[in-house]
Amino acid sequence: MRGLWFLVRRSLRQHILSTVITVLAVALASGLVMAVFSINTQTHKAFTGGETGFDAVLGARGSPLQLVLNTIFHLETSPGNIPWSLYQEIKRDPRVKLAIPYAVGDNYLGFRVVGTTPEIFTDFEYRKGTKFRVQGHDPANPDGPRIFDPELREAVIGSYVAQKTGLRFGSVFSPYHGIDFREKAQHGEQYVVVGVLEPTNSPSDRVIWIPIEGIYRMGGHYLRGAGEDYEAKPEEEIPDEHKEVSSVMLKFRGGKMVGMRLVEDINTRGKVATLAYPIGEVMAELFQKLGWVTRILTLVAYLVVAVATGSILASIYNTMNERRREFAILRALGARRATVFSVIVAEAVSIAALGSALGIVVCGCILWGAAVVVRAQTGVVLDPFTYHTALVATPAGMLLLGALAGLLPAFKAYSTDVAENLAPQS
Amino acid sequence: MPVLEVTNLKKSYVAPDGERTPILDLPQFSIDAGRQVALRGASGSGKTTFLNLVAGVLRADEGRVVLAGLDLTVLSEAERDRMRARNVGYVFQTFNLLQGYTALENVLLGMMFGKGLDRAAAEALLERVGLHDRMHYRPRQLSVGQQQRVAVARALANDPGLVLADEPTGNLDVHHANAALDLMCEACAENGAALLLVSHDTAILERFDDVRELAELNRVGAETA
């Protein structure tokens with residue numbers, strides 16, 4: 001065995017350039033495969049199985065998927081608004097434990113501004129037993145970081161927003177109209193940041209929370225809850241009939257049956273609103289729709305693996321002619337056919353092993369890059385270091401493919417005629 | 001006691017036209033342990049074929065080749081490989097050193113399939129042939145004479161009972177040829193190994209007490225070989 005690895009090491013060293021190139025090809029291929037499977041699983045889990053803290057979302061009649069994307073992940077446009085009365089009605093429903101209204105329509109440098117009530121900080125648990133916490137909050141210090149006062153133009157921002165925009169406690173900013181950032185669409189109202197939330201590793205990190213009244217009173221905003229345009233006037237209370245909300249985030253009392261009954265009441269019998277429930281299943285629908293993308297990515301990854309396997313075969317096979325004499329010499333020194341055969345297969349497996357080991361690094365880099373992009377785009381945090389069976393199965397498969405790729409050149413080495421390839425006959 | 005004993009050895013090749021062409025028909029040949037024998041043969045007389053048969057690289061059509069008490073003609077290919085690794089050292093005309101390996105590694109290769117890798121022994125061998133300061137040189141970084149020394153060290157790496165040398169000085173000038181021959185003969189004598197050297201060079205052959213003519217021993221005429 002020691003002798004075998006002696007020969008393999010020397011041979012790989014002797015053909016260092018082709019070895020390095022092939023190892024890199026295998027590394028890219030195996031890294032890509034591992035990354036595709038890992039990202040696919042992680043994103044699926046993060047978007048469909050991750051804890052959102054809510055059981056359902058109530059919104060305008062339309063696509064539940066658009067509703068979930070808009071309210072849970074703060075992506076996409078709002079499908080429309082629902083009247084304030086509907087929010088109050090669902091809030092009073094004994095089956096509902098918590099109902100928090102969202103009003104959207106503004107942004108700051110592309111980060112969504114969400115108007116809501118203080119309950120989002122006081123009652124809502126984004127993860128079981130965990131509420132949003134304001135960084136540096138000290139109840140004994142009313143002038144320090146805290147949640148917003150619903151009567152004032154104050155904002156609480158997510159940690160990612162703070163990191164990317166530079167806003168911090170005490171910063172003053174003016175939101176921009178619309179979901180997408182347009183420089184000329186800045187509102188005149190100024191908001192003071194009174195708190196930065198601790199990181200939650202959720203889409204909420206990308207949100208700027210302001211009082212819901214703030215959205216209603218933003219210049220140029222019209223409320224249509226009563227069927228006609230209504231513009232809020234300073235120092236004047238807004239009548240409830242004019243108010244509307246983009247969505248209501250719901251937490252139920254009780255289990256799945258409650259959700260199913262509400263779906264029956266709102267989606268089947270009702271005509272005004274849509275209840276997106278269960279959120280995970282709604283998101284799974286998105287992944288089903290995008291399944292073809294995953295399949296194409298997987299196919300591409302497999303093709304790259306096939307090319308890498310071919311490159312192992314080619315890199316070794318191309319050296320066979322120049323190595324015939326080497327094999328003949330080894331045989332003349334006492335090496336058995338099986339030994340030279342094993343040397344070639346071991347070379348192929350070694351290239352695959354080195355490539356796979358490097359592939360894990362490549363996979364880590366791809367996952368890290370993907371995690372950065374996904375977090376920036378959605379706020380969802382992927383963990384590049386989460387274990388996935390692909391991290392074991394891919395290197396194992398690559399070793400097997402490497403061994404298979406080595407068979408053809410190994411057979412050529414095995415069949416080398418010793419006498420013919422040694423010194424010229426006399 | 002003979003280390004090599006050949007009886008009624010026959011070997012032929014199948015020509016491209018399908019016709020079988022005899023190349024060797026040797027009724028009897030033997031070498032006693034520790035003896036140094038030269039075999040004279042013209043080009044194409046079957047010298048290399050004979051050495052390959054003795055080393056077990058080729059299988060005889062008929063006859064017996066008994067080396068170190070084992071009849072090669074009844075052994076499987078793998079058994080012949082094992083026997084060759086343990087009992088035969090080979091010095092080739094073109095040395096056949098592996099270019100990607102250092103001098104030391106080439107000698108280690110000679111051990112690998114026999115007694116196993118022994119770095120200290122390989123270094124001692126190279127020291128003995130005067131290459132203590134060239135151990136980590138590649139063959140192309142060595143002079144022809146130095147390459148020859150590495151080849152001799154490699155042939156002796158397994159302490160073989162028989163060293164086969166196929167025109168080992170064919171690529172050397174007179175000065176280097178004599179030096180290489182001295183080295184080979186001395187090293188074999190020190191190791192107690194028998195030496196069978198084939199050559200057509202009269203100057204080389206003259207240095208041996210025991211010189212045999214392949215043309216006389218081989219029943220197949222040189223013209224048919």
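Biologist: How many bridges join strand β3 to strand β9 (residues 210–213) of chain B?
Modeller: This is a predicted model, in which local features need pLDDT of at least 70, side-chain atom pairs count only at pLDDT 80 or more, and totals for chains, interfaces and linings use all residues; side-chain values use heavy atoms, without hydrogens and water. Residues are numbered from 1 along each chain as its sequence is written, while chains are lettered from A and ligands numbered from 1 in the order in which they are written. Strands are DSSP runs of E, at least two residues, and helices runs of H or I, at least four, numbered from the N terminus. β3(B) and β9(B) run parallel, with B:Val37 opposite B:Asp210, and the number of bridges is four.

Biologist: In which sense does β3(B) pair with β8(B)?
Modeller: Pairing requires at least two DSSP bridges. Here β3 (residues 36–40) and β8 (residues 194–199) of chain B share five, and B:Ala38 has B:Leu197 as its bridge partner. The sense is parallel.

Biologist: Are helices α10 and α13 of chain A roughly parallel or roughly antiparallel?
Modeller: α10 (residues 291–317) and α13 (residues 390–414) have axes 9 Å apart, at an angle of about 30 degrees. Their contact includes A:Ile312 of α10(A) and A:Leu408 of α13(A). Angles under 35 degrees count as roughly parallel, over 145 as roughly antiparallel, 65 to 115 as roughly perpendicular and the rest as oblique. The two helices are therefore roughly parallel.

Biologist: What area is buried between chain B and chain A?
Modeller: Chain B brings 35 residues to the contact and chain A 27. B:Tyr101, B:Phe113 and B:Leu117 supply 21% of what chain B buries, more than any other three residues. Buried area is the accessible area (1.4 Å probe) lost by two parts on being put together, summed over both. Carbon and sulfur atoms give 58% of the total, which is about 2700 Å².

Definitions and conventions
Axes are lines fitted to C-alpha atoms, for helices over the stretch in contact, and angles run from 0 to 180 degrees between N-to-C directions. Contact means heavy atoms within 4.5 Å.
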